[in-house]
Amino acid sequence: MKNLAVKIGFVLILLTALCKIPATAQSGNPLQFLSDVSQSSQSNPAFHNKTEKLVIGLPVLSGAALHWNANFSADYFFTENFDYSFDNFYTSLGKPGDAVAYATLPLVYLSHRNDKRTLSFSLSERALGWGNFDHELLKFIDQGLLSYYGQEEEFGPFSFKTQVFRELAFSYAKQVNRKLSVGIRPKVLFGRFFYNIENLKIGVTTDEDRKVLQVIPEGSYRISGPIDVQYDPLKGKTSIKTDFTAGDYFFKFKNMGAGIDLGFTYQLNKETTVALAIADIGFTTINDKAFHNTFVGSIDYTHLYQSSDSAAAYYFEPRAALDALTDSLPYKTTSEAFAQRRYELLPVTLNLMVTHRINDGMKLNFANNFTYYNGDANNYLAGYFNLLLGTRFELSSGLNLYNIKQVMPGFACSYTARGVQLYLATNNIARLVQPSKAKNLNLSFGVNLLFSTEPN
């Protein structure tokens, strides 16, 4: 655990193309078009449970969602023979890298409709990730230190933010009259892990008198989690150790936050309904076991290596070299505990949806989904056609326009039997088939158990 903080900063962003970091169902996912699936209300709390049964989602499976937007994909990191390659990553990227990722892992989900009211309860784990980095850093890792001796270089900036929290949510939807339905979903959030490094720069210089190559990190990072960070001024190093308690696993009351979703639906006429929702107005907090670390000094190398030619002398594998560098970085920081509580805003989402019913078995859906987080904005404009096949199977397919520049075909489907319901939805079916090439992907899936509450 001593090098946990910096490993997260370097490895998670540089190798993030390999990670299937997930997301919320509120980010352009066609699940919202499946009216028979109770989890569609995650895009708008005014949506009602239409199964007329008690819905119990299977833990971990029901409501799991993945969301990934980046300017690179997993295959950037590999050569044709599927060997990892920082050089291939550097060449394929050709510009600074950036990525936004969200995650939802459901633990408990319950929903029940009683006349004109729908009540829902959910407990889930959520993760948010955002980052960007100077792609020249990839070249530095790929080449190794040997070629930089006698030169002055600076790599960066590099920024990365991630937070993991538990969400406890209660949803209430009410049919006000024949045309209008309103909904609200208040949330209590419990912060579990937070990491934020901003504008880190890596300098490389040579001390000719001492005959050493110096790698100099410049910047700072904030971290909070089940850890204890201590700085020893006599040894001039910082240690990070595990400090895990039962509260870290269940609910972290010292890092409590709050959020709310609001929405309504309005029936313009017998065929057309408009729905508007705003989600994740709120914040998480950082207070307990929270530290601010600042990089100081340099890492001095007397034994230089190269990482580009495995057959040549002084070869050190790039991945091992990166591990060695990140192992050394924690020793080059000072650390202090947070003096006061800090607040982190959630990714706010605005969702507008229009549904036009053609007949009892077909309808058209149009939606615009706008998400803003940490200075970055993403927009999905979607048009979908829904088809009901009998009384159990519903299919929705259409196109998504991402940020007015990329068209992606998507689909959603559900199967509802007497006691069970299965569903799957993605906004990019082409990349679901080829996930290694995905730069944009939103995936939701689940299994619901249905229980009748009517007396026999």
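A pocket's lining residues are those with an atom within 4 Å of a point of the pocket. This briefing uses that idea on a predicted model.

**Largest pocket**
- The volume of the largest pocket is about 860 Å³.
- Its lining has 38 residues, and Ser35, Lys50, Thr273, Thr355 and Lys363 lie nearest the centre.
- Strand β16 gives the most to this lining, with 5 residues.
- β10, β11, β17 and β18 are among the elements that each supply at least two residues.
- By type, the lining holds 11 nonpolar, 16 polar and 11 charged residues.

**Second largest pocket**
- The second largest pocket has a volume of about 340 Å³.
- It is lined by 19 residues, with Ala70, Asn71, Asp98, Tyr402 and Lys405 nearest its centre.
- Two or more lining residues come from each of β2, β3, β4 and β18.
- Its lining divides into 6 nonpolar, 8 polar and 5 charged residues.

**Aromatic rings**
- The whole structure contains 20 aromatic pairs.
- Phe77 and Phe89 pair edge-to-face, at 5.8 Å centre to centre with 85° between the planes.
- Phe77 sits in the loop between β2 and α2, while Phe89 is in helix α2, 12 residues apart.
- Both Phe77 and Phe89 are buried.
- Tyr305 and Phe316 also pair edge-to-face, with centres 5.2 Å apart and planes at 85°.
- Both lie in the loop between β13 and α5, so the pair ties together parts 11 residues apart in sequence.
- Tyr305 is buried because its relative accessible area is 13%, under the 20% cut-off.
- Phe316 has 31% relative accessibility, so it counts as partly exposed.
- Ring pairs join Trp68, Phe72, Phe77, Phe86, Phe89 and Phe133 into a cluster.
- Arg342 lies over the face of Phe338, 4.6 Å from the ring centre.

Key
Residues are numbered from 1 along each chain as its sequence is written. This is a predicted model: local features need pLDDT of at least 70, side-chain atom pairs count only at pLDDT 80 or more; totals for chains, interfaces and linings use all residues. Side-chain values use heavy atoms; hydrogens and water are left out. On a 1 Å grid over the protein atoms alone, a cavity is a set of points where a 1.4 Å probe fits but cannot get out, and a pocket is an open set with protein on both sides within 12 Å along at least five of seven lines; lining residues have an atom within 4 Å of a point. Grid points are joined across faces, edges and corners, and a volume is the space filled by probe spheres set on the points. Helices (H or I, at least four residues) and strands (E, at least two) are DSSP runs, numbered from the N terminus. Ala, Val, Leu, Ile, Met, Phe, Trp, Tyr, Cys and Pro count as nonpolar, Asp, Glu, Lys and Arg as charged, and the others, Gly among them, as polar. Rings of Phe, Tyr and Trp (its six-membered ring) pair if their centres lie within 6.5 Å; planes under 30 degrees apart count as stacked, over 60 as edge-to-face and the rest as tilted. Buried means under 20% relative accessible area, exposed over 50%, partly exposed in between (1.4 Å probe, protein chains only). A charge sits over a ring if NZ of Lys or CZ of Arg is within 6 Å of the ring centre and within 35 degrees of the ring normal.
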